[in-house]
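I opened this notebook to record what I looked up in one structure, entry by entry. The notes follow the order in which I went through the model.

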Amino acid sequence: MEFGPDFDALIERFSPNSDAPIAMAVSGGSDSVALLSLASDWSNRSKRSLLVLTVDHGLRPEAADEAEWVAKLAGSLGHPHRTLLWKTPRVSQNAARRARYELLAQAAEASGATILLTGHTFEDVIETALLRRRRGVRTAAIVGPHLASPLPSWPLGRGVALVRPLINSNRLDLQSMLADRHQDWVEDPSNQDRQFERVRIRTFLQRHPRLAELATEHVRGTQVTAASDRVQLAEALKRIRVDASGLIETDDVALTPSLLQILARCASGTATNPRYGAITKLLAEINSCGERRALNGAWFQKRTQGMIIGRDPGQGLEQVGAIHDGRYVRDPSGHFPKTEDLPFLMRATAPSGSDWREIVSERLAHIIQCYQTPLLNPVQR
C-alpha cells in the first residue's frame with residue numbers, strides 16, 4: 001500500500017504551499033499508525049514535512065504513555081511530534097470529540113498547516129451510518145464522515161481542512177499492512193467498552209458478518225449519492241451573496257433545510273448547525289415578506305425573493321483573539337462600514353472601528369471547496 005496520485009491531488013487542493021507542514025492526528029491505534037506509516041513514505045518522496053499530533057484526553061492513566069509511544073515512533077521516522085493535553089477531561093465521547101478537534105485545530109493553525117489528516121476508515125463510515133439510522137435519519141445524510149470536510153471547530157482552525165485519506169480503506173487491510181512492515185500499534189481499551197453505542201454497533205457487526213456485508217453494500221452506494229448531494233449544495237452556496245457587514249443574501253437560490261443549516265451556522269459565527277427538524281419547521285413557517293424568525297444564534301427574514309440572514313442580536317457575542325464573534329477578523333487594512341451604514345439588524349452585533357473585515361464569505365468558500373472534493377481513493381495497493 002502507498003499514497004498515490006489521488007493523495008497528491010488532495011494535498012495540492014488543500015495545502016498548495018509546499019513550505020507548510022501537513023498536520024496529522026495519531027492516537028497510536030492501528031488506523032492512525034497506518035496513516036502515519038503511509039504518510040511518512042509519501043513525505044520522504046515528496047519532501048513535504050509532517051507534524052504529528054496526539055491528544056491526551058487525560059481520562060486514562062495509560063494515555064500519557066501512549067502519547068509518548070507515538071512521539072518515539074514519529075521521531076524514529078524523522079517527524080516532529082506534539083502531545084496536546086485536554087485540561088478539563090469529562091467522561092463523554094461527544095465532549096472528548098469536541099475537545100480533541102479544538103486542540104488539533106489550535107495546533108494546526110499555530111503551525112501554519114491548512115490540512116489535518118485523520119485515520120478514519122470505512123468501518124467508521126458504516127458505524128456512523130447505523131448510528132444515524134437508529135436516530136431516524138433515512139436519507140443520504142446517514143453517510144459520514146466524508147473524505148474532506150471543514151474542521152468541526154470554529155473559529156479555531158479557520159481555513160483548515162479535515163481530510164481522511166483512509167476513508168475508503170478497510171481496517172483489517174491496514175492492520176495486515178502494518179504486520180507486513182513489522183509495525184505495532186496501541187490497543188485502546190475504550191474501543192471495547194460497551195457503554196458506548198458505537199462499540200456496541202461494532203461488536204454487533206463483528207458477530208453478524210452477513211449483516212455487515214449488507215451494510216457495506218448499502219453504505220458504498222449511499223456514499224455516491226451523498227457526494228452528489230454535497231456537490232449540488234456547493235453549487236447553491238456559490239450563488240449566496242455576503243455583503244461587507246457579513247449579511248447573507250440568498251436571492252433566487254432554492255432554499256432547502258441543508259442549505260439553511262449551513263447559512264445559520266455561518267451567520268451565527270458558531271460551530272453547530274440548528275437541528276434539521278427545527279430548520280425545516282422555520283422554512284415552513286416563514287412565508288410573508290418581512291417576516292422574521294430567530295434560530296440557533298441567527299435570524300432569517302423573508303424577502304420578496306429569497307431571504308436575508310444575519311446574527312441574532314439577542315445572543316451574547318464572543319471575542320477569540322483577533323476574531324469577533326466568529327464572523328469578523330481584525331484587519332489593519334480593513335475598511336469596515338460605519339455603524340450608520342450597516343444594515344439595521346447587523347448594527348448590534350458588528351465590531352466597532354474600521355479595522356475589521358467579514359469572514360463569512362471566506363468560510364462559505366472553504367465549505368464549498370470541501371464539498372466539491374471529488375470521490376477519490378488516495379490509497380493504492
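This is a predicted model: local features need pLDDT of at least 70, side-chain atom pairs count only at pLDDT 80 or more; totals for chains, interfaces and linings use all residues.

**Entry 1**

Residues are numbered from 1 along each chain as its sequence is written, and side-chain values rest on heavy atoms, with hydrogens and water left out.

For helix α7 (residues 197-207) and helix α8 (residues 209-238) I noted axes that come within 5 Å and cross at roughly 110°. Helices here are DSSP runs of H or I with at least four residues, strands are runs of E with at least two, and both are numbered from the N terminus. The axes are lines fitted to C-alpha atoms, for helices over the stretch in contact, and the angles run from 0 to 180 degrees between N-to-C directions.

I then listed the residues that meet: Phe204, Leu205, Gln206 and Arg207 on the α7 side, with Pro209, Leu211 and Ala212 on the α8 side (contact means heavy atoms within 4.5 Å). Sorted by class, this contact has five nonpolar, one polar and one charged residues; Ala, Val, Leu, Ile, Met, Phe, Trp, Tyr, Cys and Pro count as nonpolar, Asp, Glu, Lys and Arg as charged, and the others, Gly among them, as polar.

Which residues of α7 are buried? I found Glu197, Val199, Ile201, Arg202, Thr203 and Leu205, where buried means under 20% relative accessible area, exposed over 50% and partly exposed in between (1.4 Å probe, protein chains only). The cover over these buried residues includes α5, α6 (171-180) and α8.

Thr128 sits in helix α5 (residues 122-134) and is buried, at a relative accessible area of 9%. Setting aside residues up to four places away in sequence, I found Thr128 touching Ile142, Gly144, Pro145 and Arg198.

The peptide bond from Gly144 to Pro145 is cis, with omega near 0°, and Pro145 belongs to the loop between α5 and β6 (148-150). I noted another cis bond from Trp154 to Pro155, with omega near 5°; Pro155 lies in the loop between β6 and β7 (161-163).

**Entry 1: positive phi**

I looked next at Lys47, a residue other than glycine, whose phi is positive, near 70°. Lys47 is in the loop between α2 (30-46) and β3 (50-56) and is exposed, with a relative accessible area of 70%.

Asn296, not a glycine either, has a positive phi of about 60°. I placed Asn296 in the loop between β10 (292-295) and β11 (298-302), and at 31% relative accessibility Asn296 counts as partly exposed.

**Entry 2: nonpolar cores**

Which residues touch the most other members of the largest nonpolar core? Of its 76 residues, these are Phe3, Met24, Leu237, Leu263, Phe300 and Ile309, a nonpolar core being a set of buried Ala, Val, Leu, Ile, Met, Phe, Trp, Tyr and Cys residues joined through side-chain atoms within 4.5 Å. The largest share of this core, eight residues, comes from α8. Apart from it I found another core, of 21 residues, with Ala23, Ala96, Leu103 and Leu151 among them.

Leu263 lies in helix α9 (residues 257-268) and is buried, at 0% relative accessible area. Beyond its neighbours within four places in sequence, Leu263 is in contact with Leu237, Ile240, Ile248, Thr250, Ile309 and Leu364.

**Entry 3: cysteines**

How many disulfides does the whole structure hold? My search found zero, with a disulfide taken as a pair of cysteine sulfur atoms within 2.5 Å. For Cys266, the nearest cysteine sulfur is that of Cys370, 12 Å away. Cys266 counts as buried at 0% relative accessibility, whereas Cys289 is exposed, with a relative accessible area of 55%.
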